[in-house]
Amino acid sequence: MRALFDLFRYARPLALLLAPWLLFACAAEAPPPGEAPPIDVRAEPSALRFDPQTKTVEVSIVNHGTRPVPVSGFRIVGNDWSSFSIVEPLNPRMVQPGRPMRFSIAVEADTFKGPEHAIESIVVDPEALRADDENHDHDDDDAYRDGDAILAFDVAGVEHTATLSFEDPSWWWTVALPGVLKVHLLVLGFILPLASLLLWQERKQSAMMQDRLGPNMARITLGGLTIRLWGLLHIVTDGLKMFFKEDFVPRRAHRALYTLAPIMALVPALVVFAIVPFGDALCYDSLLDVVSQADVDQCAAGRGGTPLQIAKIDVGLLFYFAIASLATWGATLAGWASYNKWAILGALRASAQMISYEVAIGLTIVGALLVYGTLEPHALVHAQLDSAWGIVLQPVAFVLFFTAAIAETKRAPFDLPEGESEIVGYFIEYSGMRFGLFFLSEFIEIVFVSALVTTLFLGGWAMPLGMFGASGFAAPWVAQAFFTVAGAAVMATGFAVWRASTHATFVGGAMAMVGALHIGAAVYSLFTGWGTELPHVAVVLVGMLTWGLKVFALCWVQLLIRWTLPRFRYDQLMSLGWKNLLPLSLANIVITAVVVYALAAARTITPEPVEPEPPGLGSIPDRAPIGAPPSVEPKAAP
Amino acid sequence: MTITVKKVSLERTAADQVFLPAILRGLVTTARHFFKNTLTKGMGDVDTIRYGEPGVNVEDYYPERFRGVHRLMHREDGSVRCVACMCCSTVCPARCIYIKAEDRGDDEEKAPASFVIDELKCVVCGFCVEACPCDAIRMDTKMHMEPTQTRAEAVLGKIDLMKRGGQSVAVQGGIGPDYREDAPKADPRFEHDRR
């Protein structure tokens with residue numbers, strides 16, 4: 001209640017600050033009243049991209065307006081018009097809103113082969129031809145040259161176009177360079193910062209849950225200014241402590257394996273992130289343009305852009321199972337190589353626990369795979385966006401998977417391999433940064449479990465209910481509702497933080513300002529209808545931010561679980577894994593399979609009604625479509 | 001009034017057996033504490049004393065009988081009150097008090113030639129204070145033993161212990177403070193000693 005009061009108290013000066021800007025913006029962008037709804041027909045994707053591997057590209061003519069519009073006169077013009085062709089003959093037709101017209105365009109890739117000059121003209125002079133042939137580097141003969149053309153069509157008599165382009169980009173530019181950049185963006189920009197933040201958050205959050213203060217003493221003093229930031233600097237002090245502590249190796253330890261074990265724990269935890277999509281796709285050429293989902297799909301396929309996922313491999317989730325199981329090696333090797341009976345007990349428990357939960361974790365996912373029909377995480381997220389999130393369609397699998405995944409991270413309530421009170425753990429002999437690597441990999445696994453649950457069950461980078469698509473919000477009112485609710489929540493939290501904290505009030509103040517900007521955006525959208533068409537780069541950033549927030553929220557939930565529940569006894573842990581999770585996940589698979597099969601059968605028995613092709617439009621002047629046989633008018637019988 | 005036996009059903013319900021409702025209740029409880037402590041002024045239910053923070057006087061929070069680091073009290077002429085009776089070193093369970101006696105020179109009492117307390121061994125039980133017959137040793141400094149660089153620095157001798165000392169209002173021989181009109185005033189830092 002106090003937060004609401006503060007909201008109103010501080011909202012007035014903020015509104016006064018924002019008002020002139022808002023009024024100006026609204027006046028500038030308000031649509032003139034009393035105009036007929038505009039015709040808005042587009043080809044999606046608006047730029048069709050081909051490469052030697054892609055022979056055909058599907059294109060849709062989508063009507064974004066409110067009334068049906070005649071579309072006719074499909075033709076291909078431009079430099080390389082002869083290399084492209086429309087696959088099926090197209091008749092002019094009315095395109096209804098919400099019922100896109102789909103067809104494909106094919107390319108003859110071989111026409112782009114060879115040196116460019118050979119196509120330009122026929123060289124008549126044989127001497128020149130021979131000289132040219134000698135000078136020419138024949139290694140390039142197999143290379144493709146770039147080509148482009150234009151797909152044109154008439155919408156109610158007005159010409160619309162979409163560009164066609166063919167190129168054979170080098171491996172460096174399509175795979176290597178974006179891959180390296182994405183690895184750095186994800187690992188250095190998200191995983192490691194979040195994992196180090198979790199080192200602090202675990203201590204602080206547990207303190208807050210247990211009415212304690214938690215870490216708050218690390219500070220930097222610059223002159224008279226003391227920076228403490230709720231103990232955030234403990235991340236730095238912890239790191240320094242780890243680095244400068246004695247690096248101890250027990251005398252009878254196996255030195256090589258003892259050194260290898262922390263690396264074996266850390267590397268798989270980082271490698272599995274390769275399959276996690278942290279956004280849809282980035283199109284290089286249209287960062288500031290409004291793009292459609294079809295454009296983004298094209299970029300996700302690697303043509304003109306890159307998917308925001310390090311490795312888009314078809315066996316994605318199998319790759320995860322393969323690599324995640326390797327993480328157990330770290331614990332097992334550490335325990336064995338330490339030459340310590342407590343360590344080897346911890347290692348045995350770790351391996352037994354991993355085997356139990358690996359089975360359950362694999363089987364719980366199968367239900368989701370049956371529903372969505374793919375193993376590839378990027379496609380899995382798209383399948384969720386087309387139907388519903390995994391948590392709605394597979395709630396049992398969600399609970400089972402989350403449980404098994406927490407067990408996989410070897411943390412409470414499943415922290416049997418560690419157990420401070422009995423065996424200290426498989427890392428009992430480790431000190432310094434070797435121990436730090438185990439510690440860090442544990443937190444990286446937390447982040448990964450959150451990321452995987454987000455991908456499988458929480459719709460990845462997408463906002464709920466399809467409210468935010470490839471080109472922006474689904475409708476202006478959605479944007480207004482979102483900005484109002486989000487802004488109010490952020491502002492209220494900001495004021496609460498502001499009041500609660502005795503220092504660093506600027507964080508609360510900044511949150512309040514961000515919330516106020518949200519409210520301002522809502523008001524702006526209310527007057528101008530802004531929000532449905534955002535630049536591509538903004539959409540990508542919003543997607544990554546949504547994904548990050550979901551992952552962070554799940555990390556928070558995992559810490560909440562870890563500090564709420566008591567730990568299991570070892571036999572209880574085993575019986576939970578083998579006697580509860582395994583049968584339940586099997587039952588989930590059977591029930592899901594039956595339901596999926598029944599639904600598919602029902603769809604086969606009563607197929608969806610196919611809309612008949614609308615008749616040709618006699619009133620519209622039309623050319624014969626390219627590649628179509630000359631239309632024969634049925635002659636009336638004499 | 002009849003005594004009745006209340007029977008508690010120990011059967012596990014279906015909700016108990018799947019754990020989840022109980023787990024959710026627990027999560028709600030801890031989450032409530034989390035948000036209360038992070039988002040309300042004065043940190044909600046957190047009662048931690050901010051020891052070492054600027055502006056926080058730790059002595060305000062210590063009880064009257066808090067046992068801090070030792071001190072040796074003075075006589076009116078500034079010499080040590082201790083008569084080297086060995087009561088404290090005898091009663092000490094940690095055996096951390098070492099006293100060597102010498103003749104005081106007034107033909108009445110002994111005095112410690114050396115009085116050493118190893119604060120690293122001390123278990124802060126306060127028996128030495130209880131045992132002292134002449135109010136010579138006290139633990140009412142309200143100070144913790146400071147951290148030291150070497151073990152030797154934590155072994156306090158007579159000089160160190162008397163630095164923190166003050167005059168005791170007790171009269172040698174144990175007759176009491178009202179024995180004489182010109183009884184010395186107590187150190188104002190230790191007001192509560194007057195009682």
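Two strands are taken to pair if DSSP finds at least two bridges between them. In this predicted model, four strands of chain A meet that criterion as an open sheet in the order β1-β3-β7-β5, with antiparallel pairing. Strands β1 (41-44) and β5 (84-86) of chain A stand at the edges with a single partner strand each, so one side of each has no neighbour in the sheet. Averaged over the sheet and with direction ignored, neighbouring strands are turned by 25° against each other. Within the sheet, β3 (residues 56-63) and β7 (residues 101-107) of chain A pair in the antiparallel sense over six bridges, and S60(A) has R102(A) in β7(A) as its bridge partner.

**The five-strand sheet**

Another open sheet of chain A has five strands in the order β2-β9-β8-β4-β6, and its pairing is mixed. Its edge strands, β2 (47-50) and β6 (93-95) of chain A, each pair on one side only.

| Residue | Bridge partner | Strand of the partner |
|---|---|---|
| V71(A) | V155(A) | β8(A) |
| I76(A) | L151(A) | β8(A) |
| F153(A) | H160(A) | β9(A) |

Strands β8(A) and β9(A) form a hairpin with two residues between the strands, and in this hairpin A156(A) takes a positive phi near 50°.

**Nonpolar cores and the packing of helices**

Chain A as a whole has 17 helices and 15 strands, and of its 638 residues 38% count as buried. Among the contacts in chain A with a separation of 6 or more, 77% are between residues 24 or more positions apart.

In soluble globular proteins, nonpolar side chains tend to be buried together. The largest nonpolar core of the model holds 113 residues, of which A334(A), F401(A), V447(A) and V453(A) touch the most other members. The most is given to this core by helix α13 (residues 432-457) of chain A, which supplies 15 residues. When neighbours within four places in sequence are left aside, V453(A) is in contact with F401(A), F402(A), A405(A), L458(A) and L554(A). Another core, of 24 residues, lies apart from the largest one and includes V41(A), A43(A), L90(A) and I105(A).

Helix α10 (residues 377-386) of chain A has P377(A), H378(A), L380(A), V381(A), H382(A) and Q384(A) as buried residues. The buried residues of α10(A) pack against a set of chain A elements that comprises α7 (293-300), β13 (305-307), α8 (316-337), α9 (341-372), α11 (390-393) and α13.

**Helix α15 of chain A**

With 24 residues, α15(A) reaches 35 Å from its first C-alpha to its last, which is close to the 34 Å expected at 1.5 Å a residue. The buried residues of α15(A) include A512(A), G515(A), A516(A), H518(A), I519(A) and G520(A), and A521(A), A522(A), V523(A), Y524(A) and S525(A) are buried as well. F506(A), by contrast, lies in this helix (residues 505-528) but is exposed, because 11 other C-beta atoms lie within 10 Å and a residue counts as exposed at 12 or fewer. From C-alpha to C-alpha, F506(A) is 19 Å from M217(A), although the two are 289 residues apart in sequence. Just after α15(A), G529(A) takes a positive phi of about 75°.

**The contact between chains A and B**

In the predicted model, 16 residues of chain B are in contact with 15 residues of chain A. On the side of chain B that touches chain A, the residues divide into six nonpolar, seven polar and three charged.

Conventions: Residues are numbered from 1 along each chain as its sequence is written. Chains are lettered from A and ligands numbered from 1 in the order in which they are written. This is a predicted model: local features need pLDDT of at least 70, side-chain atom pairs count only at pLDDT 80 or more; totals for chains, interfaces and linings use all residues. A nonpolar core is a set of buried Ala, Val, Leu, Ile, Met, Phe, Trp, Tyr and Cys residues joined through C-beta atoms within 7 Å. A residue is buried if 20 or more other C-beta atoms lie within 10 Å of its own, exposed if 12 or fewer, and partly exposed in between; C-beta atoms are placed from the backbone. Two residues are in contact if their C-beta atoms, placed from the backbone, lie within 7 Å. Axes are lines fitted to C-alpha atoms, for helices over the stretch in contact, and angles run from 0 to 180 degrees between N-to-C directions. Ala, Val, Leu, Ile, Met, Phe, Trp, Tyr, Cys and Pro count as nonpolar, Asp, Glu, Lys and Arg as charged, and the others, Gly among them, as polar. The expected span of a helix is 1.5 Å times one less than its number of residues.
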